[in-house]
Number of protein chains: 2
Amino acid sequence: MADAAALDSVRDQVGRALAEFLARQRDVLPGAATELLPGLDALSGLLAGGKRLRPAFCYWGWRGTGARDCPQVMTAAAALELLHASALVHDDLMDSSDTRRGQPSLHRRFAAHHAERGWRGSAESFGTGAAILLGDLLLSWTDEMFHASGLAPEALARGQRVLDLMRSEVMAGQYLDLLAQATGDGSVASAMRVVEYKTAKYTIERPLQLGAALAGPAAGGIARAYTGYGLPLGVAFQLRDDILGMFGDPAETGKPASDDLREGKRTVLLAITRARAAPAQAAVIDRTLGDHELNEAGVAEVRDIITSTGALAECELMIDRHLGQALGALEQAPMTAEAREALAELAVAATARHD
Amino acid sequence: MADAAALDSVRDQVGRALAEFLARQRDVLPGAATELLPGLDALSGLLAGGKRLRPAFCYWGWRGTGARDCPQVMTAAAALELLHASALVHDDLMDSSDTRRGQPSLHRRFAAHHAERGWRGSAESFGTGAAILLGDLLLSWTDEMFHASGLAPEALARGQRVLDLMRSEVMAGQYLDLLAQATGDGSVASAMRVVEYKTAKYTIERPLQLGAALAGPAAGGIARAYTGYGLPLGVAFQLRDDILGMFGDPAETGKPASDDLREGKRTVLLAITRARAAPAQAAVIDRTLGDHELNEAGVAEVRDIITSTGALAECELMIDRHLGQALGALEQAPMTAEAREALAELAVAATARHD
């Protein structure tokens, strides 16, 4: 049964595979290990958190084809957490974010390490350099863990092509996001396109298809079903994240509420709000978006506009509609009953209100 | 014959393989291609330069085992240029370097792109973000190109283990370098350790061993010979680079002379100078190292100290000694005569004076 216990079990096994991989890395570099330990400890901390969404979708993508449970696929799936951790480390740097998963972000942690020791030069530059390098290391380790998973070379070769596409897509999505912020393109269409690349394909569609590719040569039906489920679910998932980013409990999200607003993120939620806003309301949004010094009163004002324009309600409706589409795609999909049930549960869990 | 024409031919074939790979990437992301074009053009420009040292060592590492010439190994070897380009993009960002290969560095180019268009927010932050993402893309593409080379899955699996080690080592070396700058550890031993990781293993030893691993299951003799040749040659090569960095012709190096000094790089050349310097001379070095505003008179003063302390002559002697060691290791090595000849030529070319 793909009940909550099965989902927890995937998460635990992914966590163990990551911990084992990191422990092995400590022995790889004997000539430099001591100095590198602060970095490895910081990475262990970062990797201990996380909902393991991408590995879970990869695992159920494999199971959906009828392939059996095995530790090898769990290790290959867990490699996606290294890719994601790399993206988070570099994202936090690009966004100048102070926190991640309730802890100081990696670049801030290394800047503090430098400052505490009274080292030479700029603590901030040291933090930046260390975060760039550790993000690069995590990205390299994605391939290392994937290829050392113990799956057959032909399976890995099939999976590699999906992994390649997934990485190019997420990096393209991040660049489009950067570009939308720079050009000030606040349209709903632009925000939705970023969501397609940065979330829907990267978090759900491609991990599912990666699991299927690892299991066997492409069967068109299941890859299409994973697209039919993955893309709308990705949109619903991101919209829930947008709402949590403005209205969520920081203790739960691990980030200060409204960080998205302060960092100038052009979310779909804000794009819809902007499109529905009266001129005076639109001016408030334009003024506050990207204002790192924005105080709580300013945030409250934006929250009011999101609610009073009906943008919040529209987003909730969009979540329901996209979730319905995703669940609908599962119904006729040529996959095992167990995977269908697990994916339905994952869909609901990933998009549920947190109140 | 492994004459100059053969070395040129490797360089040309690597260049063509890279151009073909980049052309294919333009078609991968149909939904985002137009906006991504400035990035892809910048990468094409960056990848068009370069001496192709790492692919050349990988190729001759393969040929040294007696394996035949083939386009597949050339493509796998060319993937190392993507890895190196990624390291350069991120290095320039960490060092705040303005130029690379005679062109503006990637982060500067994107900052200028932003400024010219009068976009929102900080042009510098945009440049930083784009350079982080494009460096990440190049790092991901290393694996993509390597695995799409057409070599057999078992060959790629053997090669992957060397590639994994090579990447972890170079990133560790860069972190050690960052750390040495921060802690102000100016010892020759510390600088030599950075050279071992950042240059000797990364540029020569591991590419050779990667070529051998792609050709067949490990034969201990040849892997050891590649270490015996690669590590001393790497030291000689880096020392030549240190000297060029202080005394070279910017038109040839593609970087302003003395950029190393302004960026505070703790090179072996400067560590030896510092160890030989009188107190007043040592004070000059400590003051100028890392001074981004240093003028030509200040640079000339440091050049005089490097020469008058005898550090320059000592470095030239070290280059000769290490080059001799590398060439000596070739003599008894169990490899083809053709590869032996090519590696001897590469060693001499990589360490020659440029006057």
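This is a predicted model: local features need pLDDT of at least 70, side-chain atom pairs count only at pLDDT 80 or more; totals for chains, interfaces and linings use all residues.

Mentor: Residues are numbered from 1 along each chain as its sequence is written, chains are lettered from A and ligands numbered from 1 in the order in which they are written, and side-chain values use heavy atoms, with hydrogens and water left out.

Trainee: How are α3(A) and α4(A) oriented to each other, roughly parallel or roughly antiparallel?

Mentor: Helices are DSSP runs (H or I, at least four residues; strands are E, at least two), numbered from the N terminus. Axes are lines fitted to C-alpha atoms, for helices over the stretch in contact, and angles run from 0 to 180 degrees between N-to-C directions. The axes of α3 (residues 53-63) and α4 (residues 71-94) of chain A come within 8 Å and cross at roughly 150°. Angles under 35 degrees count as roughly parallel, over 145 as roughly antiparallel, 65 to 115 as roughly perpendicular and the rest as oblique, so α3(A) and α4(A) are roughly antiparallel.

Trainee: Which residues of α4(A) meet α3(A)?

Mentor: Contact means heavy atoms within 4.5 Å. From α3(A) come L53(A), R54(A), P55(A), C58(A), Y59(A) and W62(A); their partners in α4(A) are V73(A), M74(A), A77(A), A78(A), L80(A), E81(A) and H84(A).

Trainee: What is the hand of the crossing of α3(B) and α4(B)?

Mentor: In chain B, the axes of α3 (residues 53-63) and α4 (residues 71-94) come within 8 Å and cross at roughly 150°. That makes α3(B) roughly antiparallel to α4(B). A crossing is left-handed if the near helix is turned anticlockwise from the far one by less than a right angle, and right-handed if clockwise. For α3(B) and α4(B) the crossing is right-handed.

Trainee: At roughly what angle do the axes of α6(A) and α7(A) cross?

Mentor: Helix α6 (residues 123-147) of chain A passes α7(A) in a right-handed crossing, and the two are therefore roughly antiparallel. Their axes come within 11 Å, and the crossing angle is roughly 160°.

Trainee: How much area do chain A and chain B bury between them?

Mentor: In this interface, 50 residues of chain A are in contact with 50 residues of chain B. Buried area is the accessible area (1.4 Å probe) that two parts lose on being put together, summed over both. Of the buried area here, 69% is on carbon and sulfur atoms, and the total is about 4,700 Å².

Trainee: How many salt bridges cross the interface of chain A and chain B?

Mentor: A salt bridge is a side-chain nitrogen of Lys or Arg within 4 Å of a carboxyl oxygen of Asp or Glu. Over all chains the count comes to 42. Across the interface of chain A and chain B, the number is zero.

Trainee: Which residue forms a salt bridge with D177(A)?

Mentor: D177(A) is in helix α7 (residues 153-183) of chain A, and its partner is 88 residues apart, in the loop between α11 (259-262) and α12 (268-276) of chain A. The closest N and O atoms of the pair are 3.9 Å apart, and the partner is K265(A).
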